[in-house]
Structures are given as C-alpha cells and as structure tokens.
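Dear colleague,

I am passing on the structure we spoke about, with the sequence alongside.

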Amino acid sequence: KWMEVYIVRDLEKLLQEVTIYKMNNIKPNYSELARLHDCDRRTVKSYFEDNKETKERKKQVCKLDKYKEEIQSKLTIPGVTASAIYHYLKDKYNTEDIGSASNLRTYILKNKLREKKKNEFHPRYETEYGKQMQFDWKEDISLKNKNGNLFTFNVFSATLCASRFHVFIYSKNKTRTDVERCLVNTFEIIGGVPEELLTDNMSSIVNTKTHEFEKEFKSFVKDMDTKARKCKIRHSYTKGKVESSNRFVNWIKPYDGEFETEEDLVKIMQKIMKIANNEPNDTTGVPPTMMYQKEREYLKPLPNQKLMTEYKNDTISTTVSNSGLIYYKGIRYSVSPDYVNKKVFLTQIGNKLCIYYNKNLIKEHTISEKKINYDKEDYICGLKQLLPKASEEELEKKAKEQLELLDKIS
C-alpha cells in the first residue's frame with residue numbers, strides 16, 4: 001500500500017510541476033523531470049504535450065479497393081457468392097492482389113457490400129464409398145455475352161457422396177433424355193456406376209400424379225445396373241451434397257458479359273469443375289479428387305458401350321429462334337420460319353443433322369463448320385413474311401445479297 005501511495009503522490013507532484021511549466025510557457029527538461037520523479041522521459045513529454053492535436057494515422061490502403069466497384073457489381077447478380085467472385089477475379093486478373101477467398105469475404109463484410117447471412121442447422125448424412133450419387137439441375141441460368149446476346153441454359157450437377165467428387169455438364173434442355181444422357185456422361189467421367197442415385201421430384205423423370213419414377217427412367221436405371229431413390233419432399237438437405245455443389249455452379253454468374261460463344265460457357269463450366277474438385281472440402285478437409293481415387297474402386301463397372309451410346313445419341317430438343325435458326329454444337333442451322341418458337345428435336349446421323357417436329361423430318365443439314373447455315377428456301381420464306389408485297393425477283397435478289405454477307409462473316 002505504501003508503494004501505491006508513493007506512486008500517486010509522485011504523479012501528483014509531476015503533474016503540478018508540468019502545469020507550472022505550461023502556464024509559464026516554458027518547455028521543461030524532460031530527462032531531468034523523469035529522473036526526479038523516477039519515470040520515463042516520454043511520460044513527462046506526453047503530459048506536457050497533452051493539449052496538442054493527436055497525429056492522424058495514415059489510412060491503410062487495401063489491395064482489393066481497386067476491385068471494389070467490380071465486386072459490388074457482381075454481388076448484384078442474384079445467387080452469386082463471394083467464392084464465385086473470388087475465382088472469377090483470380091481467373092481474370094491472375095494476380096496476388098486478390099489474396100485468399102476468406103480475405104475477400106472479410107472485405108465484403110467489412111465494407112458492408114453484402115449483409116451477413118444467419119446460420120441455419122442442417123444435419124449431415126454420410127454414406128459409404130460407391131454407395132450413392134446425388135444429382136440435380138441448376139435451372140434456367142441466363143447470361144449475356146459480350147455482344148449482349150442472351151444465353152439461357154441449365155447445368156446438370158452430380159456429386160459422389162463419399163468423396164464429394166463433382167461433375168457439371170452444360171445442357172440446353174432438361175428433358176428425360178437430357179437427364180439420361182447427362183447421367184451416362186457422368187458415369188463415363190467417374191469411371192463406374194454407384195449403387196444408388198438420389199434426386200428430387202424433377203418433372204422430367206417423375207410422374208407428378210403418382211410421384212413415382214416414369215417407366216422409361218426405371219428402364220434406364222435397370223439398364224445401368226443401379227437404383228434410383230427420391231429425397232424427402234421439401235427437405236433439400238437430404239441431398240445436401242449436390243445442393244452444396246450448386247454453389248460452385250454459381251461461380252459462372254460473374255462471367256455475365258465476359259464470354260462470346262456457347263463453347264466458352266462449356267469451357268468455363270469445365271474449369272469450374274476442375275477447381276471444385278481440387279479445392280479442400282469443408283467436411284473432409286481434403287480435395288474431392290484425392291478421395292475419389294479411393295471411391296472409384298467401389299463403383300460398379302460401366303455397362304456395355306453399345307448400350308451407353310444409345311442413350312447418349314438420343315435426340316436433343318431445342319426451340320427455334322425468331323431468326324428461324326436452331327443451335328447445335330455451337331453452329332446455327334435454319335428451318336422454315338413456320339416453326340419459330342416451336343420445339344423441335346435434333347439427332348445427328350453420320351455427317352447429317354436431322355431436325356424433327358412431331359416425329360416428322362422437317363429439315364436435313366450437312367454438318368458444317370460455318371457459324372450460320374441458312375437454307376436459301378428458308379431465308380426466302382422468311383422474307384416473304386416480312387415483305388409480303390415484294391416480287392419473287394426482289395426476294396431472290398435480297399436473299400442472295402444477305403446470304404453472301406453471312407457467308408463472309410461466318
């Protein structure tokens with residue numbers, strides 16, 4: 001206690017002396033006062049100068065500040081995540097300024113670019129190696145290319161439950177044949193077939209009245225030597241592993257306005273799939289690719305190649321655009337303008353593309369490398385609707401001129 005009293009009294013004396021110096025506008029000898037009162041000279045100095053303005057700290061500049069506007073712009077896209085923006089920026093700029101994904105998330109929260117979401121509890125379900133694969137659609141993704149053209153598509157998403165190995169497949173449509181084709185392609189990618197497939201009540205393969213799988217899909221499952229099961233209705237977490245994989249699919253959204261062709265979108269999805277499978281999983285702590293090497297040993301062998309080819313080569317459905325063109329493997333082919341906005345079916349036989357409407361063959365094109373392939377009759381038919389008063393000679397001349405120009409640019 002005597003030490004506490006000594007320190008207080010000594011401090012009071014020091015303050016008194018400092019006050020006298022300040023009142024007389026005399027700068028004291030800091031070292032001498034410090035020796036007399038047994039303290040550090042910097043302490044004396046701080047008491048004497050306490051009326052001076054505190055020096056402002058230099059504001060630290062964050063390396064992410066230069067990307068702030070772009071980050072904020074990408075966050076306005078519905079469904080886009082911080083991870084999606086992180087990988088987009090890394091891909092676009094390829095610089096260390098981006099830092100880590102967690103650093104970007106902290107930056108977003110600190111600058112209040114997005115509100116922090118509340119956590120919800122969802123129980124985890126674990127399965128044995130080779131036991132189950134969950135699959136789903138990421139539906140109706142709409143992105144514009146650099147020219148402002150709108151691309152609407154779907155991504156088939158599948159996840160092996162034990163290893164968390166992801167497969168993402170670009171698809172224009174999501175019919176039953178698309179589901180079966182994507183599953184066959186997935187089996188080829190993973191090198192085998194799991195014991196069980198788990199999905200939700202997707203209307204393309206489930207009867208909406210009976211809530212049972214359609215006969216055609218049951219036949220497919222039997223041919224693949226596996227089983228199909230539906231998850232609990234309105235409980236997405238029962239297939240939470242594939243739901244979780246859809247956050248990786250969202251990584252494509254920041255590429256809005258950053259691509260040119262459908263092939264670019266396919267390549268971006270393949271790039272995202274590679275990153276997703278090489279990034280450590282939150283639960284296992286290791287990349288899915290490493291655990292997949294083990295799970296692959298437990299998968300059933302692939303069905304015979306002929307059977308798989310039959311499912312892969314099934315017809316593809318698409319809608320005819322307002323320009324009277326359909327899109328097939330990055331190339332546009334024409335049909336009669338009478339089929340605009342109608343759904344047609346495509347199948348490739350050798351080097352021929354056959355286009356069907358209501359099971360009737362309406363057009364046949366030779367597979368081409370040109371970007372746009374108009375049949376002259378289809379083009380003239382379309383011009384007749386636009387220019388009903390034009391003569392046959394005028395229509396013929398107009399069609400010839402425009403088709404020659406299209407050939408030059410494609």
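What follows goes from the whole chain to particular residues.

This is a predicted model, in which local features need a pLDDT of at least 70 and side-chain atom pairs count only at pLDDT 80 or more, while totals for chains, interfaces and linings use all residues. Residues are numbered from 1 along each chain as its sequence is written, and side-chain values use heavy atoms, with hydrogens and water left out.

**The chain as a whole**

The chain holds 14 helices and 12 strands, these being DSSP runs numbered from the N terminus (H or I of at least four residues for helices, E of at least two for strands). Of its 410 residues, 40% are buried, where buried means under 20% relative accessible area, exposed means over 50%, and partly exposed lies in between (1.4 Å probe, protein chains only). The chain exposes about 25400 Å², of which carbon and sulfur atoms supply 48%; the areas come from the Shrake-Rupley method with a 1.4 Å probe, and for residues only the protein chains shown count as cover. Taking contacts (heavy atoms within 4.5 Å) between residues at least 6 apart in sequence, 62% join residues at least 24 apart.

**Aromatic rings**

Rings of Phe, Tyr and Trp (its six-membered ring) are paired if their centres lie within 6.5 Å, with planes under 30 degrees apart called stacked, over 60 edge-to-face and the rest tilted. By this rule there are 15 aromatic pairs. In one of them, Phe248 and Trp251 have ring centres 4.9 Å apart and planes at 80 degrees, so the pair is edge-to-face. Both partners are buried, Phe248 at a relative accessible area of 4% and Trp251 at 1%.

Gly79 belongs to the loop between H4 and H5 and is partly exposed, at 40%; leaving aside residues up to four places away in sequence, Gly79 touches Asn250 and Lys253.

Elsewhere, ring pairs join Phe213, Phe217, Phe220 and Tyr311 into a cluster. The charged end of Lys230 sits over the ring of Phe213, 5.7 Å from its centre, the criterion being NZ of Lys or CZ of Arg within 6 Å of the ring centre and within 35 degrees of the ring normal.

**Salt bridges**

The whole structure has 17 salt bridges, each a side-chain nitrogen of Lys or Arg within 4 Å of a carboxyl oxygen of Asp or Glu. Among them is the bridge between Asp97 and Lys66, whose closest N and O atoms are 3.0 Å apart. This pair links distant parts of the chain, with Asp97 in the loop between H5 (82-93) and H6 (101-110), and Lys66, 31 residues apart from it, in the loop between H3 (41-48) and H4 (68-75).

Another bridge joins Glu258 and Lys74 at 3.9 Å between the closest N and O atoms, and here the partners are 184 residues apart, Glu258 in the loop between H9 (240-249) and H10 (262-278) and Lys74 in H4. Glu258 is partly exposed at 30% relative accessibility, whereas Lys74 is buried at 8%.

Asp378 forms a salt bridge with Lys363, with the closest N and O atoms 3.3 Å apart; Asp378 is in H13 (residues 376-386) and Lys363 in strand S11 (residues 360-366). The buried residues of H13 include Tyr379, Ile380 and Leu383, and their cover includes strand S8 (331-334), S11 and helix H14 (392-409).

**Two backbone angles to look at**

Arg164 is not a glycine but has a positive phi of about 65 degrees; Arg164 lies in the loop between S2 (150-160) and S3 (166-171) and is buried at 5%. His211, likewise not a glycine, has a positive phi of about 60 degrees and is partly exposed at 41%.
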